[in-house]
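Hello,

Here is the structure we talked about. Please open it and keep it beside you while you read the notes below.

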Amino acid sequence: MSSAVLEELQVRSRDDVNKAIKEEHLTGAQILLKALEKEGVEVIFGYPGGANIPIYDELYRTKNITHILTRHEQGAVHAADGYARATGKPGVCLATSGPGATNLVTGIANAYMDSIPLVAITGQVALGLLGRDSFQEADITGITTPITKYSYLVKDVRDLARIVHEAFHLATTGRPGPVLIDLPKDITVQKAEFKYPPELDLPGYKPRTMINAAQIGKAAQAILEAKRPVIFAGGGVINAGASKELLALATLTGAPVTYSLMGKGAFPDAHPQCLGMVGMHGTAYANYAVWESDLLIGLGVRFDDRVTGKLSTFASQAKVIHIDIDPAELGKNVVAHVPIAGDVKEALSELLKVLKAKGCNLDLASWRQKIDNWKREYPLRYEKSGNVIKPQYVIEQINEVTKGEAYIVTEVGQHQMWAAQYYQSSKPRTFFTSGGLGTMGFGLPAAMGVQMAHPEAVVFNIAGDGSIQMNSQEFATIVHNKLPINVAILNNHYLGMVRQWQELFFGKRYSHTDMTGQPDFVKLAEAYGAVGLRVEKPEDVRPALEEAAASPRAYILDFVVDESENVFPMVPAGASLNEMLGR
Amino acid sequence: MKHTLAVLVENRPGVLTRIAGLFARRGYNIDSLAVGRTDNPLISRMTIVVDGDDRVIEQVSKQLYKLIDVIKLTDITNDEYVDREMILIKVNADPAIRGEIMQIVEIFRARIVDIGRNSLIIEATGDEGKINAIESALRPFGIREVVRTGKIAMSRGPKHKNGKSQELL
Ligand SMILES: Cc1ncc(C[n+]2csc(CCOP(=O)(O)OP(=O)(O)O)c2C)c(N)n1
């Protein structure tokens with residue numbers, strides 16, 4: 001061979017080798033994004049900073065993942081949470097180290113309490129700076145240990161792909177929840193071969209539980225013997241996608257169905273067997289039905305104190321069947337006579353089979369009669385008024401204008417409870433609210449996540465004038481990304497829910513719940529480039545809602561409502577379910 | 001009632017924090033917690049003594065089992081098991097009374113592991129009762145320092161017998 005040919009060959013092979021190295025050895029940031037793509041991630045909500053610049057640099061190159069720049073990390077995590085609730089897929093958010101990471105904490109806790117699959121990625125100072133109180137260092141894995149399903153600090157770039165894979169697996173399987181990955185800056189620039197491990201090695205994690213056939217048999221028997229059964233559906237039914245099975249159980253047994261706040265949408269509100277929500281602000285008929293039931297069938301619920309009221313008197317005549325994916329929920333608050341650990345959908349399918357085989361033929365006529373009487377005697381009601389807008393009326397109108405087909409997000413407070421009471425949901429994953437943590441400021445960013453998941457849908461965030469100010473910076477994100485979100489502020493000039501407690505339990509001492517000094521929400525909308533409308537008369541409610549729902553622009557509707565309106569019925573904290581005020 | 005839990009965990013970073021943190025935030029009482037690696041360097045075993053009624057212990061077990069790092073959890077309280085604790089006691093020991101102390105050490109089949117000018121360090125292993133007894137026998141001499149390991153325990157025979165393994169319901 002001539003030396004020229006030889007040289008050329010060498011050059012070519014050197015290029016090949018270089019290319020091969022380039023292909024196989026990726027930086028941590030590249031590995032992260034490649035792994036996210038492999039997990040099917042389409043959108044990330046995030047905020048940059050020093051520690052995650054290399055990740056952002058890589059995002060700049062990435063075509064398949066949309067990044068939404070929120071105006072606050074809390075906005076990013078709630079948006080990811082809203083996206084997860086709307087789609088059932090894990091939400092992903094990204095923040096820098098230190099303050100970026102700590103700004104995620106509320107949103108992570110929120111997702112944890114409501115069992116929402118979420119992967120939070122935080123930048124961290126370089127490994128060599130860890131533990132020295134370095135600039136923008138926060139021990140975020142330590143801070144979030146009690147509010148995550150798991151948290152990782154990546155110490156070796158070679159572990160990164162595996163960790164991402166594990167994180168998504170943990171977030172989405174079993175009882176879903178948030179997982180955090182803390183990624184030191186030097187790891188994002190170091191290189192390693194990209195290998196996506198097909199198998200996971202988590203010997204301590206066995207979320208799949210076999211449905212125990214004997215327990216299903218016992219549950220079926222209890223149902224066949226019941227005279228006054230009540231089905232109680234929670235967020236777990238929605239997470240498990242078990243609405244069809246729930247409807248089948250209700251149809252087969254004829255039992256009335258109530259739900260927790262997180263269970264709203266699992267069963268159609270318009271169904272004749274639906275009792276609406278149970279608990280502190282549940283309907284009187286749901287509370288009475290649970291109170292007098294002889295069998296309570298809890299599906300994907302955790303018997304939160306907002307549901308049970310005084311535990312010792314809760315459903316005290318009832319046998320309890322409790323089905324939940326998380327065995328630790330069984331017997332945590334309420335003793336279950338028939339505990340069943342497992343996926344609600346699978347368990348219900350098994351239960352339905354057994355019930356059908358046994359010939360399920362319950363005679364619930366007198367129970368139904370009793371419930372119908374309660375429904376007639378104690379309906380949800382409010383005093384209508386001709387000249388001042390009642391907040392409940394606004395919700396009813398949203399329901400009518402959108403024909404119950406809107407995606408409803410809420411903030412936290414009275415408006416949230418009215419939304420749960422008066423909006424008629426027909427489908428799962430259409431009503432989104434912070435149930436467990438009760439996070440004011442959740443609604444607006446969560447609405448962004450919901451709208452990202454369903455670009456064509458009509459999305460309403462039902463807000464209070466207090467809550468809306470907790471993440472109002474996200475109006476900028478909404479307008480910039482042309483998200484046609486509608487915000488309906490039920491403006492009572494108060495932190496209404498707290499004011500209600502002060503009125504009822506603190507001798508009307510309204511300490512610091514008067515919101516005097518509000519911004520002009522119409523001007524605020526305009527400042528952000530959205531449309532703002534102030535609505536002061538009942539007859540203007542409907543046209544405003546119609547305009548907003550039809551428009552492709554973001555709307556802020558400032559409904560000036562009756563300041564003194566309270567949410568009823570109300571079971572005072574710690575009281576029994578039959579001790580309702582204002583039923 | 002006191003329960004003894006044998007917990008196998010993965011040796012991942014933060015595992016001890018996760019377990020201790022769980023006890024703290026859910027308000028369970030840890031009596032003692034002893035931890036060390038097993039024959040498999042990737043796996044540690046913890047012996048946790050918890051005080052509580054059956055419902056509390058059931059919740060503790062379920063919540064522990066939920067932790068990703070927890071591989072296996074066994075309540076061996078009602079098993080036949082061997083348990084040991086170790087204590088090191090530094091006790092005042094003027095040369096004049098050393099003989100007396102040495103007698104006590106012998107009775108308890110403990111050992112003297114260090115001799116200072118005016119003190120001795122005594123090492124003893126045994127169940128909790130024995131350890132308590134040797135501590136109180138030495139107290140009159142003036143104890144300067146005590147360190148105890150907390151209880152470690154192992155079921156007798158090839159496998160634990162009555163121990164309800166928390167393999168879900
Ligand atoms: C972040 C946060 N801080 C405080 C609270 C306590 N809190 C619960 S409801 C409420 C009032 C909410 O007021 P607003 O948003 O105006 O709604 P309204 O009750 O008037 O409908 C407050 C302060 C909370 N839930 N979340």
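**Surface patch and chain A tail segment**

A:Leu581 sits in the segment after β20 (555-560) of chain A. This is a predicted model, so please read everything here as computed from it. A:Leu581 has 30% relative accessibility and counts as partly exposed. Together with A:Leu504, A:Phe505 and A:Phe506, A:Leu581 makes a nonpolar surface patch of about 330 Å².

The segment after β20 of chain A also holds A:Pro569. Look at the peptide bond between A:Phe568 and A:Pro569: the bond is cis, with omega at about 0°.

**Cavities**

How many cavities of 30 Å³ or more are found in the whole structure? The search finds 3. The largest cavity holds about 150 Å³ of space.

Its lining is made by these residues of chain A:

- A:Arg85, A:Asp114 and A:Ile116
- A:Gly235, A:Ile238 and A:Asn239
- A:Leu261 and A:Met262
- A:Arg429, A:Phe431, A:Phe432 and A:Thr433

Two elements of chain A, α11 (235-240) and β16 (431-432), each supply at least two residues of this lining. Which element gives the most to the lining of the largest cavity? The answer is α11(A), with 3 residues. By class, the lining of the largest cavity has 6 nonpolar, 3 polar and 3 charged residues.

A:Arg429 lies in the loop between α18 (414-422) and β16 of chain A. Its phi is near 60°, a positive value in a residue other than glycine.

**The second largest pocket**

This pocket has a volume of about 820 Å³. The lining of the second largest pocket counts 38 residues. Nearest its centre lie A:Tyr112, A:Arg175, A:Asp326, B:Gln63 and B:Lys66.

Which elements each supply at least two residues of the lining of the second largest pocket? From chain A they are α6 (105-113) and β6 (150-153). From chain B they are α1 (15-26) and α2 (54-66). The lining of the second largest pocket divides into 16 nonpolar, 10 polar and 12 charged residues.

**Salt bridges**

The count over all chains comes to 37 salt bridges.

In chain A, A:Glu42 pairs with A:Lys89, and their closest N and O atoms are 3.4 Å apart. This pair links distant parts of the chain, 47 residues apart. A:Glu42 is in the loop between α2 (28-38) and β2 (43-46) of chain A. A:Lys89 is in the loop between α4 (73-87) and β4 (91-95) of chain A. A:Glu42 is partly exposed, at 45% relative accessible area. A:Lys89 is partly exposed too, at 31%.

A:Asp304 forms a salt bridge with A:Arg302, again with the closest N and O atoms 3.4 Å apart. A:Arg302 counts as partly exposed, at 21% relative accessibility. The cut-off for buried is under 20%, so A:Arg302 does not count as buried.

In chain B, the side chains of B:Glu135 and B:Arg139 meet in a salt bridge at 3.0 Å, N to O. Is B:Glu135 buried or exposed? B:Glu135 is buried, with a relative accessible area of 14%. B:Arg139 is partly exposed, at 46% relative accessibility.

There is also a network. Salt bridges with shared partners join A:Asp159, A:Arg162, A:Glu166, B:Glu10 and B:Arg12.

**Two loop residues in chain A**

A:Cys360 lies in the loop between α15 (344-358) and α16 (365-377) of chain A. A:Cys360 has a relative accessible area of 14%, which means that it is buried, since the limit is under 20%. A:Cys360 and A:Gly254 are 106 residues apart in sequence. In space they are 10.0 Å apart, C-alpha to C-alpha.

A:Lys403 is in the loop between α17 (391-401) and β15 (407-410) of chain A. Phi of A:Lys403 is near 55°, a positive value in a residue other than glycine. A:Lys403 counts as exposed, at 68% relative accessibility. The line for exposed is over 50%, so A:Lys403 passes it.

Best wishes

Terms used
Residues numbered from 1 in each chain as written. Chains lettered and ligands numbered in written order. Predicted model: local features only at pLDDT ≥ 70, side-chain atom pairs only at ≥ 80, totals over all residues. Heavy atoms only, no water. Patch = residues over 30% accessible without salt bridge, like charges linked within 9 Å, V, L, I, M, F, W, Y side chains within 5 Å. Areas by Shrake-Rupley, 256 points an atom, 1.4 Å probe, with all protein chains shown as cover. Salt bridge = Lys/Arg side-chain N within 4 Å of Asp/Glu carboxyl O. Helix = DSSP H or I, 4+ residues; strand = E, 2+ residues; numbered from the N terminus. Buried < 20%, exposed > 50% of the residue type's maximum accessible area, 1.4 Å probe, protein only. 1 Å grid on protein atoms, 1.4 Å probe; cavity = no way out; pocket = protein on both sides within 12 Å on 5 of 7 lines; lining within 4 Å. Points joined across faces, edges and corners; volume = space filled by probe spheres on them. Nonpolar A, V, L, I, M, F, W, Y, C, P; charged D, E, K, R; others polar.
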